[in-house]
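Good morning, colleagues. Please have the sequence and the coordinates open on your screens, as I shall refer to both throughout.

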Amino acid sequence: MATKDVASMFAVALFIGAFAAVPTSVQSIGVCYGVIGNNLPSRSDVVQLYRSKGINGMRIYFADGQALSALRNSGIGLILDIGNDQLSNIAASTSNAASWVQNNVRPYYPAVNIKYIAAGNEVQGGTTQSIVPAMRNLNAALSAAGLGAIKVSTSIRFDAVANSFPPSAGVFAQSYMTDVARLLASTGAPLLANVYPYFAYRDNPRDISLNYATFQPGTSVRDQNNGLTYTSLFDAMVDAVYAALEKAGAPGVKVVISESGWPSAGGFAASADNARTYNQGLINHVGGGTPKKREALETYIFAMFNENQKTGDATERSFGLFNPDKSPAYNIQFK
């Protein structure tokens, strides 16, 4: 996760917050597993920690063979990123995509429950032109290998959406996203979206209340275009993505929240209390969906651990639910 630039977001409002074991039949709550640290537990210990906490989903940011091996027969659903450094190579040819699938998917699936392959994470600049070719090549490679049940998508920054308030005004900022959306519609894959109310609040605390940003009660915002009322910034952001998909001609594409979280230290409003309130609120909330889509919203919290070698803002090193010694950064319950 890179530091997000989301200074121009919504108006004022809120919701609530608490972490334990998730009944998989109710909702899917995953946690992103980053490894940019020199003091983190072994891959096998990490998988055991997920299982002991009832966490039934994981995202990894490259084809990490040790993590994939540790995930065998765990039942944990996986978002597997190709890694942004592989995007152009996989976009270049179907044979490159086939090699990647043979090396990184076929040896593990179905013992590893790979649900989605992310062709890029928060891709910026000219590299965005590689996203659709990479997705097409990966789809072809998976189909040829008899692995067509695995869905291919890409993971977007929230600023891929423009005009995000009111939510019904949401539209993709660049034309390549229309091609992404229509490809997803044709394959039945969801759009992966990284949604961070924290960055919106941090960049505009005069107009956005902390309560609205952290699922605490007290504010409602009405979308005058469609009559829907929002009591949390998270819902408003997600529904702006849905609105953008509709305008791109892909109203049936689902959204999976591939990252969301709140830092516990290192910057404005970054505290253990706020992080606990936000992340617990997120866990408690997503089973009911959003005002626009009242269905369970598959969600991955960022991140499992505080990673001490991440660069950028100090907050980047403090998004973890757990410390490197596997102790909780703060108390939370998965349910």
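Which residue is the bridge partner of Gly30 in β12? Please keep in mind as we look that this is a predicted model. In β12, Gly30 is bridged to Tyr300. That pairing belongs to a set of 3 bridges that join β1 to β12, and the two strands run parallel.

Gly30 also has a partner in another strand, namely Gly57 in β2. Strand β1, residues 29-32, pairs with β2 in the parallel sense over 3 bridges. Cys32 takes part as well, with Arg59 as its bridge partner in β2. To get from β1 to β2, the chain passes through helix α1, residues 43-52, in a right-handed β-α-β crossover.

Let me turn to the faces of these strands. From β1, Ile29 and Val31 point one way, Gly30 and Cys32 point the other way, and all are buried. Strand β2, residues 57-60, is likewise covered on both faces. Gly57 and Arg59 are buried on one side, and Met58 and Ile60 are buried on the other.

Moving on, β2 pairs with strand β3, residues 77-81, in the parallel sense over 4 bridges. Here Arg59 stands opposite Ile79 in β3.

For α6, residues 176-187, the length can be checked: 12 residues at 1.5 Å a residue should span 16 Å, and the end C-alpha atoms are 17 Å apart, which agrees. The buried residues in α6 are Tyr176, Met177, Val180, Ala181, Leu183 and Leu184. These residues lie on the same side of α6, because they cover an arc of only 165 degrees around the axis. As a reminder, an α-helix has 3.6 residues a turn, so residues three or four places apart point the same way. The cover over the buried residues of α6 includes α5, β5, β7, β8 and α9. After α6 comes Gly188, with a positive phi near 80 degrees.

In soluble globular proteins, nonpolar side chains tend to be buried together.

The same length check can be made for α10: its 14 residues should span 20 Å at 1.5 Å a residue, and its end C-alpha atoms are 19 Å apart, which agrees. Among the buried residues of α10 are Asn274, Ala275, Tyr278, Leu282 and His285. What covers the buried residues of this helix includes β1, α7, α8, α9, β11 and β12.

In the loop between β11 and α10 we find Ser264. Is Ser264 buried or exposed? Its relative accessibility is 16%, so Ser264 counts as buried. Leaving aside residues up to four places away in sequence, Ser264 touches Ala270, Ser271, Ala272, Ala275, Ser318 and Tyr330.

With a relative accessibility of 54%, Asn103 counts as exposed. Asn103 and Gly65 are 38 residues apart along the chain, and their C-alpha atoms are separated by 9.6 Å. Thank you for your attention.

Methods: Residues are numbered from 1 along each chain as its sequence is written. This is a predicted model: local features need pLDDT of at least 70, side-chain atom pairs count only at pLDDT 80 or more; totals for chains, interfaces and linings use all residues. Side-chain values use heavy atoms; hydrogens and water are left out. The expected span of a helix is 1.5 Å times one less than its number of residues. Buried means under 20% relative accessible area, exposed over 50%, partly exposed in between (1.4 Å probe, protein chains only). The arc is that of the directions from the helix axis to the C-beta atoms. Contact means heavy atoms within 4.5 Å. Two strands pair if DSSP finds at least two bridges between them. A crossover is right-handed if, with the strands pointing away from the viewer, the path from the first strand over the helix to the second runs clockwise.
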